[in-house]
Amino acid sequence: DAAVAAGDRARAEALVAEGRAVAPRDARATLLEARVARSFGQDTRARRALELAAAQRQQAVARPVAMAQAGGLPGGATPVSFPGTENPFARGGLVATPGRAPLVALPNDPVAQDIATQLAVLEDETSPRVTSTVGGRARSGSRGLDRLNELSGSVTASVSPGALGGRLSATISPVTVDSGKLGSDENTRRRFGTNLISGNAGGSGTSTASGVGVSVGYTRADWLRADVGTTPLGFHTTSLVGGVELAPAVTDTLRLRLTAERRAITDSLLSWSGVRDPVQGRYWGGVTRSGGRGQVEVPVGRGYIYAGGGYAVYEGDQVARNTRTEAGLGLGYPIIREGDTELTAGVDLVYFAFDKNLRYFTYGQGGYYSPQSYTAINFPVDYRSKIGDFSYRVGGTIGYVNWRESDSDLYPNNPDMQARAVALSRTDPTVSARYPGQSTSGLIGGLRGDVDYAITPRLSLGGAFRYDKAANFDETRILLRLNNRF
């Protein structure tokens, strides 16, 4: 174990060979080989070693070894992740195999339990899997502008690519989004596209979009994640997106996490799909974030401390270019950890700042929240447990935020349009050529829940709920998931 932790594969293999030579029929020596094989990504070798260890232990105790159930939450559930809602720094039954002896639990045999657990984890990691989801999202706001209703789904197929190790996946994600019909009052319509400077009080532009996103991904243990894909094909603006995350354990007490990515901004119909200006007939929007982030993670007792920072560039079709810097610091600690039950609490400090305020919907704005300073302290609490084949996680966050937005031009990347707006504001007192800045503080928070039910050892039904009260909007998400291992 020490050699594996130090990354000294040669020493680990030598020790395994010595153990197998001294005790060739001892399941404990064979189990050590499986641990080394799994640590260095040799899943096929690990499976052979675990199956041999199970047979050796069965002969030793004259009873077959059972395979336990594995998974992210107790009982096999996997917490559902909703893109864009997490802190960017924080991060029952027996499985029978046809043709083998019946699987019987050995509660008083720690060696057999260890073999069974590792077999179950390896089975979960390497079995072909298909996961289907359907979900919805509702974000508050003004109709036709920052309001957003989303109906989406996905089908993901994943396999273990043999000697390569890790897991390959392919995903198809259909989605439909709707911002509602633009309000009919003149003040609201002036806030969209080029309606103000054209005098077009009737233009409403685009209010819906539908498309299908595609992506492929690869994961390797807990230190590598990579994916590449597209924003939904069929949206008015389609972009290539993806990312790579490396999380090597530098020492036993230090992990470094590095991320480089390009992601869609899904705050609004404008930022995600792009919309059509009713006067010009031209589309603008479809914003992506391109950048990187780095963080260090240090264990503290049973918990951890993290600190990190990042930088990103925001760009879209006919949208002013923007940049963002961010930093985070926090800790998490399990207050209770007993069997399948865990209660974790923590504190997160979050800071980010954009160069420009582009959260509006006139031509050239981006339609995404972009304050010039945002500072928050959050206190998350999560509880996980299991009752038979039913696993669940519930949690909540409460925090306090202070944020500031600067004034912003109506047409931030078009000097001619902006000059016309300024000229109009001099003759019409009801017109302003700039959006006013603001500074405010207040409470923020959220509720979340995940459930998973093992219908069979290989088929599970899960769901998730999220409610977030953010600085300037409320958002609710629900999701149902069906996960099948083959």
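Ala, Val, Leu, Ile, Met, Phe, Trp, Tyr, Cys and Pro count as nonpolar, Asp, Glu, Lys and Arg as charged, and the others, Gly among them, as polar. By that scheme the lining of the largest cavity divides into two nonpolar, three polar and four charged residues. The model is predicted.

**Largest cavity**
- The largest cavity holds about 40 Å³ of space.
- Its lining consists of Thr 259, Glu 261, Arg 289, Gly 291, Gly 292, Arg 293, Tyr 311, Ala 312 and Glu 326.
- Strands β9 (254–264), β11 (283–300) and β12 (303–317) each contribute at least two lining residues.
- The most comes from β11, which supplies four residues.

**Helix α5 (residues 110–126)**
- The 17 residues of α5 should span 24 Å at 1.5 Å a residue, and the end C-alpha atoms are 24 Å apart, which agrees.
- Buried residues in α5 are Val 111, Ala 112, Ile 115, Ala 116, Gln 118, Leu 119, Ala 120, Leu 122, Glu 123 and Thr 126.
- The cover over these buried residues includes the helices α3 (27–39) and α4 (43–61) and the strands β3 (167–178) and β22 (474–485).

**Helix α3**
- From first to last C-alpha, the 13 residues of α3 reach 18 Å, close to the 18 Å expected at 1.5 Å a residue.
- Ala 27, Ala 29, Thr 30, Leu 31, Glu 33, Ala 34, Val 36 and Ala 37 are buried in α3.
- Among the elements covering them are α1 (2–5), α2 (9–22), α4 and α5.

Terms used: Residues are numbered from 1 along each chain as its sequence is written. This is a predicted model: local features need pLDDT of at least 70, side-chain atom pairs count only at pLDDT 80 or more; totals for chains, interfaces and linings use all residues. Side-chain values use heavy atoms; hydrogens and water are left out. The expected span of a helix is 1.5 Å times one less than its number of residues. Buried means under 20% relative accessible area, exposed over 50%, partly exposed in between (1.4 Å probe, protein chains only). Contact means heavy atoms within 4.5 Å. On a 1 Å grid over the protein atoms alone, a cavity is a set of points where a 1.4 Å probe fits but cannot get out, and a pocket is an open set with protein on both sides within 12 Å along at least five of seven lines; lining residues have an atom within 4 Å of a point. Grid points are joined across faces, edges and corners, and a volume is the space filled by probe spheres set on the points.
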